[in-house]
Amino acid sequence: MEQADLRHWENKCVQEEAPQCTASCPLHVDVRTFCSLMAQRRWDKAWTILAKTLPLPGVLARLCNGPCKSHCVRKDAGGAIAMDSLERFCADNAKPVAPPRPLPNRKKTVAVVGTTLTGLCAAWEMARRGFDVTLISSDIANSLAYLPIDSLPEGTVERELANLEKLGVVVNDKETLSAKLITSLIETYDAVFLDSDAAPALSTEYGTPDDLTFGTQITGLFVSPKGETSAILQAACGRRAANSIERFTQGVSLVSNRELEGPYPTRLFTSLEGVEVQAPLIDSGNCTELEARDEAKRCIQCECMECVKQCEYLKHFKSYPKIYARQIYNNESIVMGTRQANSMINSCMLCGLCETICPEDFSMADVCLAARRTLVEQGNMPPSAHDFALRDMAFANGEKCTLVRHAPGTDTSEYLFFPGCQLTASDPDGVERAYADLRARMDNVGLFLHCCGAPAKWSGRETLTNYVMTELRTGWESLGKPKIIAACPSCIKELREGLPDAEILSHWSILSALGVPETALKATATFAINDPCAARHDKVVQDDVRALLDKLQVTVVEPPLTGETTQCCGYGGLLSEANPQLADIVTRQRAGTMDEDIVTYCVMCRDMMAKTGKGAIHIYDLLYPETGNRADRAAPGYSARRENRVHLKEALLSGVWQDADDIPALPHESVVVQYTDKAAAIMEERRILHTDVQKVLYAASQSGKRFVHSESGHLLASFRPVVVTYWVEYEPVDDGYLVHKSWSHRMHIKGAKA
Ligand code: SF4
Ligand code: SF4
Ligand code: SF4
């Protein structure tokens with residue numbers, strides 16, 4: 001990822017934008033933290049939040065009229081948080097704190113002339129930043145008399161004036177404010193600020209100050225605009241003057257990047273969904289401790305996190321996309337050393353839900369897929385992440401499984417049935433029946449058994465993806481470019497992207513037009529529908545599937561996230577390969593959102609759900625049923641999936657084309673093996689295939705090399721076909737072997753021979 005890309009993604013995610021209250025507060029009080037502390041009755045800590053931001057906090061916290069209230073998100077769910085009352089309560093009940101410690105001295109002198117709240121706040125702000133400030137007034141003790149200071153506890157103003165002096169401000173309050181005085185100050189000080197409400201007539205002598213900077217025609221003289229009556233806006237004027245003078249004394253631009261001074265619009269999106277409507281608990285008057293606590297509790301702690309709320313993967317890594325984008329950028333920037341984000345990069349399901357629900361269209365899928373491609377390109381992709389899936393794809397696209405033919409007895413194809421490698425692996429009989437049905441009711445339907453290349457794409461292998469697509473194009477063109485009928489949502493998506501000149505139809509749209517097969521099972525049952533994430537934006541497919549289910553007399557229940565906002569089952573993006581534990585969490589979470597058994601039209605969704613014990617059927621189970629309750633059918637294991645593909649090809653060749661597969665069997669394929677239940681379960685978990693075990697046992701029988709366990713009599717043999725070494729503990733039985741244990745590793749044992 002280039003730095004410009006990082007900036008682009010960072011800018012898209014608004015999670016770190018200020019909440020409406022803070023953005024609309026002229027001084028940007030951290031209202032969210034303040035409310036959170038108040039809700040815990042931590043008044044002293046809450047006061048430090050106010051005192052950190054407000055100049056003369058004892059005065060301002062009591063006189064603030066709460067301009068944030070008209071922007072508070074809570075106002076649409078009962079009423080805005082009574083922030084002004086909470087501030088006042090906090091000021092009255094918290095332990096006062098000392099004024100902040102100034103920054104190191106800058107050796108710059110500033111004269112502040114006039115001591116309304118504007119001048120006092122400007123002096124406070126500049127003293128904090130390390131300026132030598134002289135405050136010039138004719139009568140500082142009475143300078144705030146114009147404010148409703150009767151409402152302040154006795155001594156408040158005096159205490160804050162004393163704090164100003166503690167900050168290092170030198171007070172000269174016996175001066176007559178005049179033009180002569182200003183002229184002499186300009187000559188003596190690095191900068192001068194005139195508080196025009198303290199000397200309205202005098203301030204007119206310097207023209208209208210610039211709105212943004214308060215600068216005047218006299219270099220080094222800054223004048224506030226007249227007539228501001230709100231205490232908090234006067235304080236904001238003081239801060240703006242301080243900002244300008246700081247820039248002026250540093251010799252930097254007075255105007256650039258000042259958009260975030262004073263109230264500004266924020267992009268933070270906060271949903272009110274699920275927020276209970278609750279009216280404010282306190283008015284502008286005084287309140288009790290409990291009332292203050294409960295009012296603060298009404299703050300919904302605004303944030304976005306819309307994507308994180310719905311995605312287990314985003315939740316799992318305990319942050320949000322803006323942070324992830326930075327981590328991915330840092331990960332890619334490492335030339336040597338340890339990469340920390342590989343697991344995060346490889347765990348996104350690439351399902352597109354975040355982009356659909358994000359108010360700014362942040363696509364974590366795009367970020368992660370691009371990062372995977374870079375890792376592959378740089379040679380930094382951990383081999384274990386996708387190795388098994390890619391080997392499985394290679395097998396599905398190998399000669400034992402692929403088939404591309406016109407329908408028997410024809411030499412043209414108007415249509416081409418493309419069931420995809422997972423449907424053929426999980427439900428070969430359903431595929432056989434589906435192809436027979438299509439041939440019976442439509443003319444010239446050819447067949448194409450192949451994988452669509454999704455695993456190559458998801459793993460970030462662009463060259464391999466292009467290679468698979470070239471194979472697909474060759475097969476499709478060899479049959480005269482027929483319309484493709486695909487029965488898997490991922491295949492539909494990948495084929496539409498990879499073969500843009502082909503017409504790709506869904507099997508369900510075809511059946512919607514043809515009508516359901518006569519042999520279809522009328523379920524008269526209720527199922528929750530699970531839209532696969534690959535069909536998220538395919539409304540036509542979603543509608544056609546629902547229409548078919550209606551014809552099958554199925555009552556459909558929509559889960560909370562459905563259609564365009566459906567969640568991935570945990571298979572997408574090869575999550576179940578890269579991070580099986582997280583995939584399990586994702587699948588169980590998704591299954592848990594539906595009370596009923598599930599009907600879906602992606603066989604991987606069906607199998608993933610079924611593995612958790614959830615009742616789940618694929619729509620083929622109704623359209624092309626065999627006997628028995630298909631919702632209880634176990635998901636086939638990895639070895640069975642391979643065998644299903646091979647047997648399907650053999651069955652179709654012999655049954656449909658009366659042809660035979662002339663691919664010679666490999667020597668290890670004749671080895672007969674049985675497994676204990678424990679061994680079978682471990683093999684499934686570790687992605688060790690029946691054929692891997694057969695290779696080990698065949699090699700051991702040829703070489704005679706194996707260990708013998710002296711007590712159990714079990715044999716132990718190993719074999720390293722490519723990069724993985726397989727170990728098998730077994731014993732000979734009648735006509736073959738019984739396997740007790742099997743494991744694998746990528747370690748190469750020195751001195752060992754393959
Ligand atoms: S939905 Fe997620 S990515 Fe989008 S702005 Fe919100 S937190 Fe950021
Ligand atoms: S609900 Fe709380 S965080 Fe949100 S805008 Fe209102 S005060 Fe601020
Ligand atoms: S898993 Fe899906 S929703 Fe979650 S980040 Fe990835 S693409 Fe977005």
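Me: A helix is a DSSP run of H or I with at least four residues, a strand is a DSSP run of E with at least two, and both are numbered from the N terminus. In the loop between which strand and which helix is the place of T229?

Reply: The model is a predicted one. In it, strand 5 covers residues 221-223 and helix 11 covers residues 231-250. T229 has its place in the loop that joins these elements, between strand 5 and helix 11.

Me: Does T229 count as buried or exposed?

Reply: A residue is called exposed when its relative accessible area is over 50%. The relative accessibility of T229 is 68%, so the residue counts as exposed.

Me: What distance separates the C-alpha atoms of T229 and D197?

Reply: Along the chain, T229 and D197 are 32 residues apart.

Me: Which residues of helix 9 are buried, and on how wide an arc do they lie?

Reply: Helix 9 spans residues 179-188, and its buried residues include L181, I182 and L185. Their directions around the axis put these residues on the same side of helix 9, because they cover an arc of only 100°.

Me: Which residues are exposed on the other side of helix 9, and what covers its buried residues?

Reply: On the other side of helix 9, the exposed residues are K180 and E187. The cover over the buried residues includes helix 10 (200-203). It also includes strand 1 (109-113), strand 2 (132-136), strand 4 (191-194) and strand 5.

Me: Why do the buried residues of helix 1 line one face of the helix?

Reply: Helix 1 runs over residues 3-12, and its buried residues are L6, W9 and E10. They line one face because, in a view down the axis of helix 1, they fall within an arc of 100°.

Me: Against which helices do the buried residues of helix 1 pack?

Reply: The buried residues of helix 1 are L6, W9 and E10. Their packing partners are helix 15 (321-333) and helix 18 (364-378).

Me: Which cavity is the space taken by ligand 1?

Reply: Around ligand 1 are C13, V14, Q15, C304, M305, E306, C307, P321, C358, P359 and F362. By class, this shell has 9 nonpolar residues, 1 polar and 1 charged. The space that ligand 1 takes is the second largest cavity.

Me: How many residues of the shell around ligand 2 are charged?

Reply: The surroundings of ligand 2 consist of C21, V31, R32, C72, V73, R74, I81, C299, I300 and C302. Arg counts as charged, and both R32 and R74 are among these residues. The shell divides into 8 nonpolar and no polar residues, and the number charged is 2.

Me: Which helices each supply at least two residues of the shell around ligand 3?

Reply: The residues around ligand 3 include C311, Y313, L314, C348, C351, C354, M364 and A365. This shell has 11 nonpolar residues, 1 polar and no charged. At least two of its residues come from each of helix 14 (312-316), helix 17 (353-357) and helix 18.

Me: What is the phi of Q301?

Reply: Most residues other than glycine have a negative phi. Q301 lies in the loop between helix 12 (289-297) and helix 13 (306-310), and its 30% relative accessibility makes it partly exposed. Although Q301 is not a glycine, its phi is positive, at about 55°.

Me: Where does K481 lie?

Reply: K481, a residue other than glycine, has a positive phi near 55°. It counts as partly exposed at 46% relative accessibility. K481 lies in the loop between helix 23 (462-478) and strand 9 (483-486).

Methods: Residues are numbered from 1 along each chain as its sequence is written. Chains are lettered from A and ligands numbered from 1 in the order in which they are written. This is a predicted model: local features need pLDDT of at least 70, side-chain atom pairs count only at pLDDT 80 or more; totals for chains, interfaces and linings use all residues. Side-chain values use heavy atoms; hydrogens and water are left out. A residue is near a molecule or strand if one of its heavy atoms lies within 4 Å of it. On a 1 Å grid over the protein atoms alone, a cavity is a set of points where a 1.4 Å probe fits but cannot get out, and a pocket is an open set with protein on both sides within 12 Å along at least five of seven lines; lining residues have an atom within 4 Å of a point. A molecule sits in a cavity or pocket if more than half of its atoms lie within 2 Å of its grid points. Buried means under 20% relative accessible area, exposed over 50%, partly exposed in between (1.4 Å probe, protein chains only). The arc is that of the directions from the helix axis to the C-beta atoms. Contact means heavy atoms within 4.5 Å.
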